[in-house]
Amino acid sequence: MSDSSLSLPDTRQRLRPFLIAGLVVLFLGAVGALYRYGVMVQSEIDNLAIANSDSLQWTLAQLEVEYFHMDGALVRAKPDAPETIAEFSRSFDIFYSRVHTILEGRGFTAIVTPEVAGTEIRRIDSFLHQAATLVDAGPSALGPALPDLRRSAEALEHDVRTVSLEGVRKFAEDAKQQREQVFSSLMLLASLTTALLAAITAGLVITWSLWRFGMRQTGSLSAAKARLEAVIGTSFDAVIVVDQDGLVLEFNGAAERVFGYSRDEAMGRHLNELIVPDNMKSAKLAGFKRYRTGGVPRIAGHGLIGLQARRKDGSVFPAEISVTATRIGRKEIFVGYMRDITDRVAAEKELIDARDAAMAGEQAQAEFVAVMSHEMRTPLNGLLGTLDLLRETPLDESQTAFLASMQKAGEILLTHVNNTLDVERLDAGKLSLTREPFAPMSVLDEIVQMQAAGAAARGNALKARAEGKLPEFVEGDAMRIRQVLLNLVGNAIKFTRDGAITLEAEYHRDQGLLEYRVIDTGIGIPAGETERIFDDFVTLDPELSREATGSGLGLSIARRLMRAMRGQIGVESDVGQGSAFWISLPAPVVLSRPAPAPAAPASSAPVRAAAPAQPCNTDGAPPSRLPMSIDVLVVEDNDINRVVMCEMLRRAGHTFEEARDGVEAVEKAAERRFDVVLIDLNMPRMNGVDATEAIRSGTGPNCDTPFIAVTANVLPEARARLEAAGVCRVISKPITRKLLDQVLAEELCPRLRDRSLTLPPETAPASAAEHPLLDADTRAELALSLGPEMMALTLQRFLTEGETMLAALTRASAQEKPAETAALAHKFAGSAALLGAERLYHRLKAIDLALRTASPGSVPETTTLAVLDSLATVWAETCASLSATPATAP
Amino acid sequence: MRSTTKTAMAAVILSLSLLAAAGFTLHAQGALAESPAPVAAAPLDAPTGTVMLTVTGKIGVTNAEGAAKFDATMLAALPRTNFETSTIWTEGVQAFSGIELRALLDRLGVTDGTLKITAINDYSVQIPVSDIAAGGALLADHRDGKLMTVRDKGPLWLVYPYDSASEFRNEVVYSRSVWQVDRIEVQP
């Protein structure tokens with residue numbers, strides 16, 4: 001999943017609370033507004049109801065009525081009739097009250113203003129005040145004033161009318177205004193209600209669509225879940241899902257079958273309790289812990305991994321597991337697919353055994369052929385030699401003829417045996433090629449010299465020539481080239497009668513290729529056969545082959561040799577016209593002429609000659625050190641050990657050559673003869689056993705040089721291989737000068753040579769007791785052997801190298817590469833032993849022994865893990881101790 | 001999951017709007033108190049001063065021929081009530097005191113029928129007895145601590161506590177607010 005597709009729902013999820021809050025606020029606002037406007041409208045309606053205009057208008061109307069009442073009573077009032085006065089008095093009071101109601105009443109404020117009827121009402125009021133004084137003065141005072149009062153009252157008629165009419169008009173206006181206001185309020189309320197209704201409807205529609213969407217989602221989710229459950233449930237593989245603490249979250253049917261737990265039993269329990277074998281629990285827990293703390297997962301995401309699993313009944317079986325870590329939200333879960341591979345492992349083992357058996361059979365057969373051929377060659381040589389001797393004795397004619405036949409047959413047999421040996425050696429890759437300078441043309445000249453007689457016997461002219469300019473010297477294996485050309489020339493002579501055989505040499509400078517051609521005018525080869533003739537046991541003409549002495553191996557050997565030299569061989573031919581065989585091979589030009597003999601330096605020559613003769617006393621007791629200087633090949637990949645060994649040799653007055661691995665050893669061994677070879681067994685590229693075998697079984701200068709194996713530990717079963725390879729002695733690290741001197745003396749004494757392989761005495765088991773951190777003796781011994789400067793240098797080198805080695809070892813172990821771990825431990829152990837770091841050495845040796853036979857990806861034993869874990873501590877202690885205590889020679 | 005939340009939200013919105021509507025309706029409703037049961041009527045003394053109010057008709061207690069007459073002293077002896085309110089006929093808040101119409105009717109043993117209340121100027125209104133409750137109509141004889149004269153809407157003014165509730169601020173109540181009252185007839 002990409003980041004962008006993740007972030008979108010995230011954003012939506014973050015915004016959702018704000019969205020909801022916004023909607024709620026909007027809704028509350030709308031409700032609030034609705035309520036407010038509702039209240040407003042209600043108060044408008046109230047006002048309309050209060051709109052008392054009816055009541056007020058009634059009051060206004062009554063003003064005129066009561067005025068006329070008062071006026072009528074005033075007309076009727078007679079000073080001498082007190083009841084008329086009282087009537088007037090009462091109607092005056094009523095009118096007075098009415099006018100004051102208008103003047104003071106809240107509802108009449110609008111009328112009392114001067115613009116409407118203010119002036120008029122105030123005029124009425126002033127009359128009332130005047131009259132009230134008279135009325136209150138009593139009938140006696142009122143009587144005489146009645147006519148004046150009547151006039152004043154009549155003058156008011158117009159004002160009273162104005163007040164009534166203006167009031168009515170004003171009230172009508174106000175009512176209209178109020179109606180309009182109510183109307184607008186109602187409109188506002190209605191529109192607000194409509195808006196709210198619309199919003200609610202929209203909300204409902206959205207909710208409905210969301211609900212529909214949700215239902216669809218739920219539907220597809222449950223369908224997907226059902227599908228997933230079906231897939232997991234019907235899976236042939238056991239599927240177990242655990243959380244990051246290792247607790248089981250899912251346990252399918254196949255898992256129930258494989259492990260024997262029911263789903264209910266397994267759910268929620270820790271993986272360790274269920275399926276992890278007891279001896280692996282700590283490793284598994286560590287794995288989870290490491291994963292949690294951000295470490296590199298060993299299993300998750302690493303594809304198929306084979307390991308051991310436990311069933312409910314406690315039985316342990318091999319399982320194949322593939323674990324994927326998946327993040328769900330913030331939690332990490334692990335999905336494991338597991339398969340019981342008991343049957344497959346058994347089948348594989350059977351297959352491997354069968355293959356090994358077959359290969360061993362084939363190898364045994366090849367070896368049998370080789371051994372037999374080898375064994376046949378010696379008596380055959382004896383036979384041929386005896387025939388030569390027989391020829392010197394007086395023989396009659398027929399006896400001479402018999403002898404010739406016997407000799408011929410013997411020679412053919414010898415060729416066959418040699419060819420067989422060549423094929424076997426080439427196929428086994430045992431052939432060692434040399435790279436020495438040689439003159440290209442001299443090879444041809446030698447062949448012409450050797451074969452001229454043979455060619456002439458069949459009436460053939462044999463000559464050699466150079467095509468173009470040849471370099472003076474090129475580098476290559478002249479002997480092998482000669483062998484191939486001899487075969488080709490032999491064939492040419494065989495298939496040509498009374499013709500010409502031409503040898504040509506040409507050098508292609510641009511490609512650095514040397515080419516030789518053998519051209520004859522013989523019977524030629526049919527077009528379809530030109531490839532086939534290079535195969536094994538191919539002879540073209542049965543009649544000819546009887547006469548000629550072909551085994552059918554000659555050309556196939558030639559092709560094998562050319563391939564070994566990274567060259568090519570081919571033929572062009574016309575039947576009846578002749579054939580042209582060619583070979584070409586890379587051969588770099590050598591500029592300066594080399595020393596005439598590619599042998600050892602002159603200085604070592606007398607030593608070599610002296611070596612077998614001088615070393616031993618005649619009394620047979622082995623000397624404790626050699627009385628003379630020897631030439632040693634030191635093969636060791638561990639730099640410290642190699643340097644130390646060389647230094648010891650130098651101090652003993654010997655010369656030496658260094659090789660860092662088996663391949664280099666083979667190359668160096670081909671160059672010159674050494675008096676002895678000190679060889680480490682565990683090395684990269686080619687190990688000591690293979691290198692020994694290659695050198696000793698070859699024909700090089702060191703094929704019978706004594707080999708002394710130097711190793712940190714030897715497995716007893718390796719003894720047979722060492723002996724077969726030609727190792728005559730095994731010595732254990734650490735090497736001391738004393739030991740080295742003694743061993744060299746013993747091995748170079750001819751009287752003791754024929755012993756069988758000597759192994760070092762068995763060391764005490766590593767687990768017996770805790771070893772001391774440092775062995776003072778070993779260290780003192782080393783100091784004595786090397787001298788103070790060299791010792792300090794070596795110690796420094798060990799400290800630096802050890803740091804690197806420990807890191808590499810830890811890494812290899814973490815990556816579950818037991819073989820690599822073992823190799824590193826082995827190499828490290830060599831250095832540790834040398835410096836006398838006893839505890840470190842034994843720990844490393846234990847790891848080496850435990851892991852050497854383990855298969856890749858398998859989890860080591862708990863004890864081995866513990867030892868691995870303890871390494872860092874032991875190393876730190878060793879370093880501290882080495883740095884703190886100076887080595888003192890005893 | 002998400003759809004459930006949305007549905008719940010919609011439900012909340014709907015219920016809130018319903019609640020708001022209900023509240024709005026409730027707000028418009030008024031509450032009318034029940035009339036208390038009539039008190040057993042005691043005999044009434046005859047008036048000694050100027051008669052201020054004459055109650056006739058279907059009454060349980062009289063002190064004249066088919067009538068109950070009250071002078072200032074008698075009125076003052078009845079259970080008195082006072083309140084402050086503004087009116088549409090006056091300026092500012094007025095302090096009224098007098099006799100609750102309900103108390104007067106109780107005193108006279110009036111339980112049902114219709115009151116015809118008449119003023120000096122012969123203005124009259126009709127009020128069903130069932131409409132008259134305690135805390136409502138007041139026959140005020142004092143305004144702002146002074147005895148009301150005819151010029152000042154006296155001697156009795158039937159007022160309501162207009163400011164206390166909106167139910168007292170409508171056309172019917174205003175029309176029933178009779179001033180210069182001097183007669184009440186209890187009609188069957």
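Let us start with Asp535(A), a residue in the loop that runs between strand 10 (513-520) and helix 16 (542-547) of chain A. Please bear in mind throughout that this is a predicted model. With a relative accessible area of 33%, Asp535(A) is partly exposed. Leaving aside residues up to four places away in sequence, Asp535(A) touches Gly552(A), Ser556(A) and Arg559(A). Its C-alpha atom is also separated by 9.4 Å from that of Gly554(A), 19 residues apart along the chain.

I turn now to the salt bridges. How many does a search of the whole structure find? Over all chains, the search finds 46 salt bridges.

One of these joins Glu529(A) to Arg532(A), with the closest N and O atoms 2.7 Å apart. Glu529(A) counts as partly exposed because its relative accessibility is 22%, which lies between the limits of 20% and 50%. Arg532(A) is likewise partly exposed, at 40% relative accessible area.

A second example pairs Arg672(A) with Asp631(A), at 2.9 Å from N to O. This pair links distant parts of the chain, 41 residues apart: Arg672(A) sits in the loop between helix 20 (662-671) and strand 16 (676-680) of chain A, while Asp631(A) belongs to strand 14 (residues 631-635) of chain A. Are these two residues buried or exposed? Both Arg672(A) and Asp631(A) are buried.

In chain B, Arg102(B) forms a salt bridge with Asp106(B), and their closest N and O atoms are 3.1 Å apart. The two residues lie in helix 3 (residues 101-107) of chain B, 4 residues apart, or about one turn of the helix. Arg102(B) and Asp106(B) are both buried. Elsewhere, salt bridges with shared partners connect Arg465(A), Glu467(A), Glu504(A), Glu506(A), Glu515(A) and Arg517(A) in one network.

Next, a helix pair. The axes of helix 19 (residues 639-651) and helix 24 (residues 776-786), both of chain A, come within 9 Å and cross at roughly 55 degrees. Helix 19 of chain A is therefore oblique to helix 24 of chain A. Helix 19 of chain A makes this contact through Val644(A), Glu647(A), Met648(A) and Arg651(A), and helix 24 of chain A through Leu782(A), Leu784(A), Ser785(A) and Leu786(A).

Finally, the surface. Phe368(A), Val369(A), Met372(A), Met376(A) and Leu413(A) form a nonpolar patch there, together having about 420 Å² of accessible area. Which element gives the most to the patch? Helix 12 (residues 342-391) of chain A does, with 4 residues. Met372(A) lies in helix 12 of chain A and counts as partly exposed, at 35% relative accessibility.

Conventions. Residues numbered from 1 in each chain as written. Chains lettered and ligands numbered in written order. Predicted model: local features only at pLDDT ≥ 70, side-chain atom pairs only at ≥ 80, totals over all residues. Heavy atoms only, no water. Patch = residues over 30% accessible without salt bridge, like charges linked within 9 Å, V, L, I, M, F, W, Y side chains within 5 Å. Areas by Shrake-Rupley, 256 points an atom, 1.4 Å probe, with all protein chains shown as cover. Salt bridge = Lys/Arg side-chain N within 4 Å of Asp/Glu carboxyl O. Buried < 20%, exposed > 50% of the residue type's maximum accessible area, 1.4 Å probe, protein only. Axes fitted to C-alpha atoms, helices over the stretch in contact; angles between N-to-C directions. Parallel < 35°, antiparallel > 145°, perpendicular 65-115°, else oblique. Contact = heavy atoms within 4.5 Å.
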